[in-house]
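Biologist: I would like to learn how to read the features of a structure step by step. Could you take me through one, please?

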Amino acid sequence: MPIVVDIDVMLAKRKMSVGELADRVGITPANLAVLKNGRAKAVRFTTLAALCEVLACQPGDILRWEADDYATE
């Protein structure tokens, strides 16, 4: 998928666990894992805003676009 989720990077920088982040954002650890592992089909702006607030970052610190190999041919 061309959208890559870098929540692991921000968790490491903030020395925060997945459980703590999920609790502070107000989502289940299972839903956070779906997002974190790139299996989510969508993310609500309210969830993205909460993630950014808790992690003290910008959306671009969490999400990035990466071209598929076939897209460059």
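**Reading the helices and cysteines**

Modeller: Let us begin with helix H3, whose buried residues are Leu32, Leu35 and Lys36, where buried means under 20% relative accessible area, exposed means over 50%, and partly exposed lies in between (1.4 Å probe, protein chains only). Seen down the axis of H3, these buried residues fall within an arc of 95°, so they line one face of the helix; the arc is that of the directions from the helix axis to the C-beta atoms. This is a predicted model, in which local features need pLDDT of at least 70 and side-chain atom pairs count only at pLDDT 80 or more, while totals for chains, interfaces and linings use all residues. Residues are numbered from 1 along each chain as its sequence is written, and side-chain values use heavy atoms, with hydrogens and water left out.

Biologist: What covers the buried residues of H3?

Modeller: The cover includes strand E1 (3-5), helix H1 (7-14), H2 and helix H4 (45-55). Helices (H or I, at least four residues) and strands (E, at least two) are DSSP runs, numbered from the N terminus.

Biologist: How do I read the way in which two helices pack?

Modeller: Two packed helices are described by the angle between their axes and the distance between the axes. Here the axes of helix H2 (residues 18-25) and helix H3 (residues 29-36) come within 9 Å and cross at roughly 110°, which makes H2 roughly perpendicular to H3, a label given to angles of 65 to 115 degrees.

Biologist: Which residues of H2 and H3 make the contact?

Modeller: Val18, Leu21 and Ala22 of H2 meet Pro29, Leu32 and Lys36 of H3, contact meaning heavy atoms within 4.5 Å.

Biologist: Is Arg24 buried or partly exposed?

Modeller: Arg24, which is found in helix H2, is partly exposed, with a relative accessible area of 48%. Not counting residues up to four places away in sequence, Arg24 touches Met16 and Val54.

Biologist: And how should I read the cysteines?

Modeller: A disulfide is a covalent bond between the sulfur atoms of two cysteines. In practice, a disulfide is counted as a pair of cysteine sulfur atoms within 2.5 Å, and a search of the whole structure finds 0 disulfides. Cys52 is in no disulfide, and the nearest cysteine sulfur, that of Cys57, is 4.3 Å away. Cys52 counts as buried at 10% relative accessibility, and Cys57 is buried with a relative accessible area of 9%.

Conventions: Axes fitted to C-alpha atoms, helices over the stretch in contact; angles between N-to-C directions. Parallel < 35°, antiparallel > 145°, perpendicular 65-115°, else oblique.
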